[in-house]
Amino acid sequence: MPRRLAVPLVALLTLASCGPRTGGEANDLTAQVLFTGNGTYDRQGDRRGVKIAGGLRETVWETAPPLPARRVTVRYDSDARPLAWALEIEAPEFSAADLAGEGARRVRTADGTGGLRPAPGGRLAETVILEQPGGDLRVVTRGYAAQAEAGVLPAFR
(Lines give C-alpha, C1' and ligand atoms only; values in the text may rest on other atoms or scores of the structure.)
Protein backbone atom coordinates (compact mmCIF):
# COMPACT_ATOMS: atom_id res chain seq x y z
CA MET A 1 0.00 0.00 0.00
CA PRO A 2 1.43 3.41 -0.88
CA ARG A 3 2.44 5.51 2.11
CA ARG A 4 0.14 8.38 1.11
CA LEU A 5 -2.86 6.03 1.52
CA ALA A 6 -1.62 4.33 4.68
CA VAL A 7 -1.56 7.47 6.86
CA PRO A 8 -5.20 8.49 6.15
CA LEU A 9 -6.30 4.88 6.56
CA VAL A 10 -4.66 4.61 9.99
CA ALA A 11 -6.24 7.94 11.02
CA LEU A 12 -9.68 6.76 9.87
CA LEU A 13 -9.37 3.45 11.73
CA THR A 14 -8.26 5.27 14.88
CA LEU A 15 -11.26 7.62 14.76
CA ALA A 16 -13.64 4.75 14.05
CA SER A 17 -12.47 2.98 17.20
CA CYS A 18 -13.37 5.93 19.47
CA GLY A 19 -16.71 6.43 21.23
CA PRO A 20 -19.51 4.02 21.95
CA ARG A 21 -19.64 0.68 20.22
CA THR A 22 -22.68 -0.33 18.22
CA GLY A 23 -23.02 -3.89 19.45
CA GLY A 24 -22.43 -6.16 22.37
CA GLU A 25 -22.03 -5.11 25.98
CA ALA A 26 -21.08 -1.50 25.19
CA ASN A 27 -24.55 -0.93 23.69
CA ASP A 28 -26.37 -1.92 26.90
CA LEU A 29 -28.38 0.42 29.12
CA THR A 30 -25.59 0.89 31.67
CA ALA A 31 -23.14 1.89 28.95
CA GLN A 32 -25.65 4.32 27.45
CA VAL A 33 -26.10 5.96 30.87
CA LEU A 34 -22.34 6.22 31.39
CA PHE A 35 -21.74 7.61 27.89
CA THR A 36 -24.52 10.16 28.43
CA GLY A 37 -23.20 11.21 31.84
CA ASN A 38 -19.62 11.50 30.60
CA GLY A 39 -20.48 13.63 27.56
CA THR A 40 -20.17 11.23 24.62
CA TYR A 41 -23.57 12.26 23.22
CA ASP A 42 -23.44 16.00 24.04
CA ARG A 43 -23.05 17.04 20.40
CA GLN A 44 -26.49 15.53 19.69
CA GLY A 45 -28.19 17.53 22.46
CA ASP A 46 -30.86 20.13 21.76
CA ARG A 47 -29.24 22.49 24.27
CA ARG A 48 -25.56 21.90 25.05
CA GLY A 49 -23.28 23.13 27.81
CA VAL A 50 -25.68 25.76 29.13
CA LYS A 51 -24.32 27.40 32.29
CA ILE A 52 -26.53 26.99 35.35
CA ALA A 53 -26.08 27.90 39.02
CA GLY A 54 -22.97 27.07 41.00
CA GLY A 55 -20.58 26.67 38.07
CA LEU A 56 -22.50 23.70 36.69
CA ARG A 57 -23.56 23.13 33.10
CA GLU A 58 -26.35 21.15 31.53
CA THR A 59 -27.17 19.45 28.25
CA VAL A 60 -30.74 18.54 27.29
CA TRP A 61 -32.05 16.05 24.71
CA GLU A 62 -35.70 16.30 23.67
CA THR A 63 -35.84 15.36 19.99
CA ALA A 64 -33.47 12.36 20.05
CA PRO A 65 -32.51 11.40 23.63
CA PRO A 66 -29.51 9.07 24.01
CA LEU A 67 -31.59 6.84 26.32
CA PRO A 68 -35.02 5.28 25.75
CA ALA A 69 -36.98 8.13 27.34
CA ARG A 70 -39.01 11.21 26.41
CA ARG A 71 -36.36 13.67 27.64
CA VAL A 72 -32.90 13.44 29.19
CA THR A 73 -31.00 16.17 31.02
CA VAL A 74 -27.45 15.90 32.34
CA ARG A 75 -26.05 18.42 34.81
CA TYR A 76 -22.33 18.36 35.39
CA ASP A 77 -19.22 20.07 36.64
CA SER A 78 -17.20 20.61 33.46
CA ASP A 79 -13.94 20.50 35.46
CA ALA A 80 -14.73 17.05 36.90
CA ARG A 81 -17.27 15.64 34.44
CA PRO A 82 -16.45 11.90 34.77
CA LEU A 83 -16.94 12.12 38.55
CA ALA A 84 -19.62 14.76 38.96
CA TRP A 85 -22.82 14.44 36.93
CA ALA A 86 -26.52 13.82 37.43
CA LEU A 87 -29.03 12.58 34.86
CA GLU A 88 -32.73 13.38 34.89
CA ILE A 89 -34.62 10.84 32.79
CA GLU A 90 -38.25 11.71 32.01
CA ALA A 91 -40.67 8.94 31.08
CA PRO A 92 -38.02 6.23 30.81
CA GLU A 93 -38.82 2.98 29.04
CA PHE A 94 -36.94 1.13 31.79
CA SER A 95 -37.12 0.98 35.58
CA ALA A 96 -34.65 1.82 38.32
CA ALA A 97 -34.30 -1.94 38.94
CA ASP A 98 -33.47 -2.56 35.26
CA LEU A 99 -30.67 -0.03 35.47
CA ALA A 100 -29.39 -0.91 38.96
CA GLY A 101 -29.07 -4.62 38.16
CA GLU A 102 -28.68 -7.58 40.45
CA GLY A 103 -27.42 -7.01 43.96
CA ALA A 104 -28.77 -3.44 44.18
CA ARG A 105 -30.07 -2.32 47.53
CA ARG A 106 -32.84 0.09 48.51
CA VAL A 107 -31.72 3.53 49.76
CA ARG A 108 -33.20 6.84 50.92
CA THR A 109 -31.96 10.41 50.64
CA ALA A 110 -32.14 12.98 53.45
CA ASP A 111 -35.52 14.19 52.16
CA GLY A 112 -36.91 10.64 52.01
CA THR A 113 -36.66 10.07 48.27
CA GLY A 114 -36.25 6.36 47.62
CA GLY A 115 -34.11 4.64 45.09
CA LEU A 116 -31.53 1.97 44.44
CA ARG A 117 -27.80 1.76 44.96
CA PRO A 118 -26.17 -0.56 42.40
CA ALA A 119 -24.00 -3.36 43.77
CA PRO A 120 -20.36 -2.61 44.62
CA GLY A 121 -17.98 -3.46 41.82
CA GLY A 122 -20.49 -2.72 39.07
CA ARG A 123 -20.10 0.00 36.46
CA LEU A 124 -22.67 2.18 38.25
CA ALA A 125 -21.33 1.48 41.76
CA GLU A 126 -20.63 5.18 42.44
CA THR A 127 -24.19 6.25 41.63
CA VAL A 128 -27.64 6.14 43.14
CA ILE A 129 -30.76 5.78 41.02
CA LEU A 130 -33.55 7.84 42.54
CA GLU A 131 -37.20 7.19 41.76
CA GLN A 132 -39.15 10.37 41.09
CA PRO A 133 -42.92 11.01 41.08
CA GLY A 134 -44.58 9.85 37.89
CA GLY A 135 -41.95 7.21 37.14
CA ASP A 136 -39.10 9.55 36.22
CA LEU A 137 -35.57 8.65 37.33
CA ARG A 138 -32.47 10.51 38.49
CA VAL A 139 -29.01 8.98 38.35
CA VAL A 140 -26.59 10.86 40.61
CA THR A 141 -22.86 10.26 41.06
CA ARG A 142 -21.29 10.52 44.50
CA GLY A 143 -19.12 13.42 43.23
CA TYR A 144 -22.14 15.40 42.06
CA ALA A 145 -23.97 14.78 45.33
CA ALA A 146 -20.96 15.97 47.34
CA GLN A 147 -20.69 19.13 45.25
CA ALA A 148 -24.27 20.11 44.49
CA GLU A 149 -26.80 17.94 46.38
CA ALA A 150 -25.64 17.07 49.88
CA GLY A 151 -29.10 15.70 50.68
CA VAL A 152 -28.39 12.73 48.39
CA LEU A 153 -25.21 11.70 50.25
CA PRO A 154 -27.00 9.51 52.86
CA ALA A 155 -28.03 7.19 49.99
CA PHE A 156 -24.34 6.38 49.44
CA ARG A 157 -23.83 4.98 52.95
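**Figure 1. Lining of the largest pocket in this predicted model.** Of the 13 lining residues, Pro82, Leu83, Glu126, Thr127 and Thr141 lie nearest the pocket centre. A pocket, on a 1 Å grid over the protein atoms alone, is an open set of points where a 1.4 Å probe fits, with protein on both sides within 12 Å along at least five of seven lines; lining residues have an atom within 4 Å of a point. The space in this pocket is about 170 Å³, a volume filled by probe spheres set on grid points joined across faces, edges and corners. H2 and helix H4 (142–148) each supply at least two lining residues. Six lining residues are nonpolar, four polar and three charged. Here Ala, Val, Leu, Ile, Met, Phe, Trp, Tyr, Cys and Pro count as nonpolar, Asp, Glu, Lys and Arg as charged, and the others, Gly among them, as polar.

Figure 2. Helices are DSSP runs of H or I with at least four residues, strands runs of E with at least two, both numbered from the N terminus. Buried means under 20% relative accessible area, exposed over 50%, and partly exposed in between (1.4 Å probe, protein chains only). The buried residues are Leu29, Thr30, Ala31, Gln32, Val33, Thr36 and Gly37. They pack against strands S2 (57–61), S3 (71–76) and S8 (137–141), as well as S4 and H3. Just after H2, Gly39 has a positive phi of about 105°.

**Figure 3. The aromatic pair of Phe35 and Tyr41.** A search of the whole structure finds one such pair. Its ring centres are 6.2 Å apart and its planes meet at 80°, so the pair is edge-to-face. Rings of Phe, Tyr and Trp (its six-membered ring) pair if their centres lie within 6.5 Å; planes under 30 degrees apart are stacked, over 60 edge-to-face, the rest tilted. Tyr41 is buried, at 13% relative accessibility.

**Figure 4. Arg81 over the face of Tyr76.** Arg81 lies 3.6 Å from the ring centre. The criterion is NZ of Lys or CZ of Arg within 6 Å of the ring centre and within 35 degrees of the ring normal.

**Figure 5. Ala91 in the loop between strand S4 (85–90) and helix H3 (96–100).** Phi of Ala91 is positive, near 50°. Most residues other than glycine have a negative phi. Ala91 is partly exposed, with a relative accessible area of 30%.

**Notes.** Residues are numbered from 1 along each chain as its sequence is written, and side-chain values use heavy atoms, without hydrogens or water. In this predicted model, local features need pLDDT of at least 70 and side-chain atom pairs count only at pLDDT 80 or more, whereas totals for chains, interfaces and linings use all residues.

Definitions and conventions: Contact means heavy atoms within 4.5 Å.
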